[in-house]
Structures are given as structure tokens and as C-alpha cells.
Amino acid sequence: MIKVTDLAYGRLSAPDLDQMEEFLTAFGMVRADRTDKALFMRGMDPDHTIHVTELGDPSFIGLAFHARSEEDLEILSKAEGASPIHELDEPGGMKRVTLTDPNGLQIEVVHGMKQLDTLDVRKITYNNGFERFNRTGKLQRVPMRPSHVKRSAHAVIKTPHVAESNAWYQKHLGLVTTDTVYQGEKENLLAIFNHVDAEEEFVDHHVFLCVAGETPGFNHLSFEVFDFDDVQAGHDHLKSQNKYKHVWGIGRHYLGSQIFDYWRDPWGRIHEHWTDSDMINNSHEASVVPAEEGLSNQWGPEFPWEFLDDPEKHAL
Ligand SMILES: [Fe+2]
């Protein structure tokens with residue numbers, strides 16, 4: 001079977017695209033396109049689409065991953081339940097194969113996404129660690145504005161069947177287990193972290209997770225931002241809007257080590273900023289750890305269990 005190369009975007013729906021665009025702009029994305037039916041947002045990196053919102057009742061439609069090649073789409077289209085390859089009738093210029101995961105979520109695998117010019121990122125250098133003279137003669141001034149979201153990085157779904165669901169993703173998308181978290185007894189799986197399989201090439205510690213939950217569906221979408229100042233400045237900017245709910249952060253994760261911050265969109269869906277992930281390759285040895293360790297931080301506030309609630313509980 002194929003090996004996807006990265007997460008492309010999450011696909012949500014919302015009854016008010018203006019409100020969604022306002023949130024995502026404050027979160028640090030930029031509009032790539034908008035039709036009367038959907039909103040397409042980009043980051044600083046060249047990918048045309050890192051977030052899709054369709055007009056409709058608030059729900060989570062599914063996730064899209066990048067295929068390495070069109071041949072891989074061809075291979076995937078032969079899988080049980082897969083659609084034929086088709087041109088996506090949306091901005092972004094992609095070809096696509098769709099599947100349905102065991103929880104009923106739509107999983108898209110896309111290829112040929114339009115590449116746009118990189119947007120300017122701030123040129124910041126730090127004088128710290130062993131690099132005390134990176135920035136000489138210039139003062140550090142961090143503008144107060146939204147974060148600079150670079151790219152779509154990982155997605156997390158909830159499911160009552162963690163092992164079975166995760167196996168489906170590994171089989172169809174070629175993902176590999178990074179770490180497994182259990183609660184109490186070892187067979188009581190709480191979460192499985194997966195990375196893309198790029199063999200000896202280094203990739204993000206995780207691109208996709210299944211976490212245990214009674215209702216199958218959305219847990220969070222995650223986006224890489226520029227650096228630590230960008231996480232904090234983005235936090236302050238969202239807070240200054242006085243209408244969005246903060247969930248968790250700022251802290252540094254244990255598994256993956258990212259410096260993170262989590263916010264809810266107006267319909268309660270969690271969106272994450274992070275910077276400074278662990279990068280791993282096929283020499284990584286998967287660990288199996290208890291929840292106290294797997295969900296802990298290296299620093300920052302403790303894991304809030306409301307993180308695992310259904311989003312509608314936290315809508316504005
Ligand atoms: Fe995350």
C-alpha cells in the first residue's frame with residue numbers, strides 16, 4: 001500500500017463562513033480562496049490549502065493527506081471502498097481519492113496541490129544557548145499580531161476503537177506507530193501517535209493520532225508556527241479578541257516535545273499552534289507509556305480532561 005507524505009488539511013463545516021474566517025485569520029492563517037459554499041485557508045508555506053470549511057451545520061467531515069505521486073493515487077483507488085481518482089471540484093488544483101474510515105469520517109488522499117509564493121515570515125534570530133551573537137547591533141522587537149501559521153501539521157480523532165481505527169490508517173496511508181499511551185491496564189489504549197514513513201528521512205514526531213473517546217469524531221487540528229515568540233504573540237492576539245476560548249498551554253509536550261497552545265473555534269473545535277517538534281526517522285523506537293507520562297508536559301499547565309470532550313460542549 002502507499003505511504004502518504006504529510007497531512008494536507010482538515011475539512012470542517014460551519015454555518016457561518018465569515019465567523020470561521022475571522023477566527024482562522026486571528027489564529028494566523030490567510031484566505032487562499034472562498035466560494036459561496038466553502039472557505040480555503042493557507043499558511044505562510046506554499047501549499048494552497050491547509051484548512052477547509054464547508055458551509056453547513058457544524059461538523060467534522062474528515063482529513064486529507066498528501067500522496068507522493070499520482071501513481072500512488074492509482075494504487076489507492078484499488079483499495080476496498082476507495083473512489084476512483086477524480087479532479088477535485090475546488091480551488092487548489094488537486095486530484096483525489098476518497099475513502100471512509102471505520103468511524104465514518106471521509107479520508108481524502110490528494111496530489112498536485114497548487115503551490116503559491118511563500119508569504120513573508122518575520123526574520124527573527126535569537127541570542128541564546130551557544131549562539132550568543134546571532135543578532136548583533138539589532139534590537140529584538142516582536143510585533144503584536146496573529147501567529148505566522150506555516151503549515152498543517154497533525155490531526156487527532158476520537159474513537160471508541162483505538163486499535164482498530166489506527167490499524168486502518170496504518171494500512172491505507174502507510175503510517176507508522178511513534179508511541180502508544182495506555183490508561184491503567186496496558187491493553188486499555190488511550191492514544192496512538194503515528195508518523196509518516198519517510199524511511200531514513202526525518203519527519204515530525206506525529207502526523208496523526210487516534211485517542212479513546214465514546215463518540216467518534218474530531219479532537220483537534222494542529223498547525224506549525226514560526227517560533228516560540230510566535231506562539232506567545234499569537235496567544236496574546238487571540239486573547240485580545242475577547243471571544244475565543246483557550247484550552248491548554250502554553251507548555252512543552254512530553255511526547256513530541258513541541259511548545260504548544262490550544263484554542264477553540266466558535267463551534268468548539270480545537271486548533272493548536274506549535275513550534276519546535278522532535279524530528280524522527282525509521283530508527284525511532286516506539287515507546288509504550290502510561291497516561292501520566294504520555295499526556296504530561298515538560299513544563300506548562302497540566303493536561304485538562306475537558307480536552308477530550310465533544311466540541312459542541314464548548315461552542316461560543
Ligand atoms: Fe497536538
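**Notes on the fold**

1. Strand β9 (residues 149–159) has 10 of its 11 residues buried, so β9 is largely enclosed by the rest of the structure. Please keep in mind that this is a predicted model. The cut-off behind the word "buried" is 20 or more other C-beta atoms within 10 Å of a residue's own.

2. What lies alongside β9? β9 and strand β14 (residues 217–225) run antiparallel and are joined by 8 bridges. Within that pairing, V149 has V225 of β14 as its bridge partner. β9 is also joined to β13 by 5 bridges, and here the two strands run parallel. I157 stands opposite C210 in β13.

3. β13 (residues 208–212) is also linked to strand β11 (residues 189–195), by 4 bridges and in the antiparallel sense. The bridge partner of N194 is F208 in β13.

4. These strands belong to an open sheet of 10 strands, in the order β19-β10-β11-β13-β9-β14-β17-β16-β15-β20, with mixed pairing. At the edges stand β19 (287–290) and β20 (297–299); each has a single partner strand, so one side of each is left without a neighbour in the sheet. On average, neighbouring strands of this sheet are turned by 25° against each other, direction ignored.

5. Next, the hairpin. β15 and β16 form a hairpin with 5 residues between them, and G256 in the turn has a positive phi of about 100°. Strand β15 (residues 246–253) and strand β16 (residues 259–264) run antiparallel and are joined by 5 bridges. H246 has W263 of β16 as its bridge partner. β15 also pairs with β20, again in the antiparallel sense, over 2 bridges. In that pairing the bridge partner of H253 is N297 of β20.

6. Some backbone geometry deserves a look. Most residues other than glycine have a negative phi, and most peptide bonds are trans. The peptide bond that joins G249 and I250 is cis, with omega of about 0°, and I250 has its place in strand β15. S257, not a glycine, has a positive phi of about 65°. S257 sits in the loop between β15 and β16, and counts as partly exposed because it has 15 C-beta neighbours inside 10 Å.

7. Where is the other non-glycine residue to check, D276? D276 is found in the loop between β17 (270–275) and β18 (279–280). Phi of D276 is near 65°, a positive value in a residue other than glycine. With 16 other C-beta atoms within 10 Å, D276 is partly exposed.

8. A further open sheet has 8 strands in the order β2-β3-β4-β1-β5-β8-β7-β6, and its pairing is mixed. Its edges are β2 (30–34) and β6 (86–87), each with a single partner strand, so one side of each is left without a neighbour in the sheet. Within this sheet, strand β1 (residues 6–14) and strand β4 (residues 51–55) pair in the parallel sense over 5 bridges. The bridge partner of G10 is H51 in β4.

9. Which residues of helix α1 are buried? In α1 (residues 17–27), M20, F23, L24 and F27 are buried. These residues cover an arc of only 95° around the axis, which puts them on the same side of α1. An α-helix has 3.6 residues a turn, so residues three or four places apart point the same way. Just after α1, G28 takes a positive phi of about 115°.

10. Finally, the overall picture. The protein has 5 helices and 20 strands. Its C-alpha atoms fill a box of roughly 60 × 50 × 40 Å, taken along the principal axes. A compact globule of 316 residues would have a radius of gyration near 20 Å, and the 19 Å of the protein agrees with this. Of the 316 residues, 42% count as buried. Among contacts between residues at least 6 apart in sequence, 66% join residues at least 24 apart.

Terms used. Residues are numbered from 1 along each chain as its sequence is written. This is a predicted model: local features need pLDDT of at least 70, side-chain atom pairs count only at pLDDT 80 or more; totals for chains, interfaces and linings use all residues. Two strands pair if DSSP finds at least two bridges between them. Axes are lines fitted to C-alpha atoms, for helices over the stretch in contact, and angles run from 0 to 180 degrees between N-to-C directions. A residue is buried if 20 or more other C-beta atoms lie within 10 Å of its own, exposed if 12 or fewer, and partly exposed in between; C-beta atoms are placed from the backbone. The arc is that of the directions from the helix axis to the C-beta atoms. The radius of gyration is taken over C-alpha atoms; the globule rule is 2.2 Å times the number of residues to the power 0.38. Two residues are in contact if their C-beta atoms, placed from the backbone, lie within 7 Å.
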